[in-house]
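Hi everyone, thanks for making the time.

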Amino acid sequence: MPLPKTQELARNLARIADAIERLSPPPPPRPDFAAAEAFVWRAESQVLAPVQKVSRVELALLRGVDYLRDQLLGNTERFARGLPANNVLLWGARGMGKSSLVKAAHADVNARLVGTSDFSGLKLVEIHREDIESLPVLMSLLREARERFIVFCDDLSFDGGDASYKSLKAALEGGVEGRPANVLFYATSNRRHLLPREMVENERSTAINPGEAVEEKISLSDRFGLWLGFHKCSQDDYLAMVFAYVTHYRLDAPEAQIRAEALEWAITRASRSGRAAFQYIQDLAGRLGRKLD
């Protein structure tokens with residue numbers, strides 16, 4: 001006996017619903033924030049992957065950035081304690097330790113505050129530049145957690161017709177929900193305004209209202225309450241970085257030799273920076289047959 005039309009329709013709708021449910025991916029698992037102190041956001045799978053060993057240098061080895069270090073440490077510690085703090089933009093010369101300082105400050109604050117009554121844990125979450133548009137999804141995962149989070153984007157900048165900067169603006173302060181109280185955003189960039197000069201000039205020349213177009217672009221940087229500018233270091237600062245590494249890794253070579261080689265290394269690279277100093281140290285350690293543990 002054939003089913004009544006209403007029952008047949010209900011049965012067909014149920015089969016369609018089952019088929020759609022099988023095709024749709026399961027919801028991402030809830031993050032286990034106790035698994036690690038740092039995570040990498042995998043936007044394609046909407047998963048926070050734990051990082052068991054963070055690639056970082058000790059805070060004491062970052063020379064020539066004392067004022068910037070103190071500013072970042074103070075902001076980070078206040079945030080970790082639940083006090084008001086700012087999003088941070090670290091901008092300026094390449095190789096001067098911007099990303100290293102973020103990772104070192106996170107480790108230092110965690111080590112000093114662990115076990116204190118007003119500290120619930122500070123996690124570092126790295127998001128890649130190309131995944132900025134997924135920030136709202138990441139924020140929703142972090143919003144309800146008891147821990148506090150620094151969302152960190154290294155080498156952040158925008159080019160051409162890239163409009164994903166609007167997602168970052170909304171995630172930092174805009175939108176109905178706003179930025180979660182337990183999340184700060186730290187970014188490093190070679191550009192103070194995160195946009196190349198030619199992009200800003202192009203906006204000015206082609207816009208109906210040039211002032212408003214440029215203002216929208218530059219206002220992205222205004223979402224960062226703390227700007228820390230990194231500039232090329234002096235020869236003395238560069239050598240101080242080199243010898244700090246030499247002492248830390250107990251590299252046995254004559255001081256005059258190290259000085260001469262380190263200066264030659266900087267000249268051949270046309271760069272005096274923390275990155276150049278560490279690259280020289282890697283070369284020296286390799287020639288001495290020493291591992292940098």
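**Pockets and a helix pair**

Let me begin with the lining of the largest pocket: its residues split into 11 nonpolar, 11 polar and nine charged. Keep in mind that this is a predicted model. So how much space lies in that largest pocket? About 630 Å³. There are 31 residues lining it, and the ones nearest its centre are Gly95, Gly97, Ser99, Ser100 and Arg275. As for where the lining comes from, α3, β6 (183-189), α8 (235-249) and α10 (274-288) each put in at least two residues.

Okay, on to the helices. When two helices pack, we describe them by the angle between their axes and the distance between the axes. Here the pair is α2, residues 66-80, and α3, residues 98-113: their axes come within 9 Å and cross at roughly 50°. That's why we call α2 and α3 oblique to each other. And the crossing of α2 past α3 is right-handed.

Who's touching whom? On the α2 side it's Leu68, Arg69, Leu72, Leu73, Thr76, Glu77 and Ala80, and on the α3 side Leu101, Val102, Ala105, Asp108, Val109, Arg112 and Leu113. Sort the residues of that contact by type and you get nine nonpolar, one polar and four charged.

That's my tour, thanks.

Methods. Residues are numbered from 1 along each chain as its sequence is written. This is a predicted model: local features need pLDDT of at least 70, side-chain atom pairs count only at pLDDT 80 or more; totals for chains, interfaces and linings use all residues. Side-chain values use heavy atoms; hydrogens and water are left out. Axes are lines fitted to C-alpha atoms, for helices over the stretch in contact, and angles run from 0 to 180 degrees between N-to-C directions. Helices (H or I, at least four residues) and strands (E, at least two) are DSSP runs, numbered from the N terminus. Angles under 35 degrees count as roughly parallel, over 145 as roughly antiparallel, 65 to 115 as roughly perpendicular and the rest as oblique. A crossing is left-handed if the near helix is turned anticlockwise from the far one by less than a right angle, and right-handed if clockwise. Contact means heavy atoms within 4.5 Å. Ala, Val, Leu, Ile, Met, Phe, Trp, Tyr, Cys and Pro count as nonpolar, Asp, Glu, Lys and Arg as charged, and the others, Gly among them, as polar. On a 1 Å grid over the protein atoms alone, a cavity is a set of points where a 1.4 Å probe fits but cannot get out, and a pocket is an open set with protein on both sides within 12 Å along at least five of seven lines; lining residues have an atom within 4 Å of a point. Grid points are joined across faces, edges and corners, and a volume is the space filled by probe spheres set on the points.
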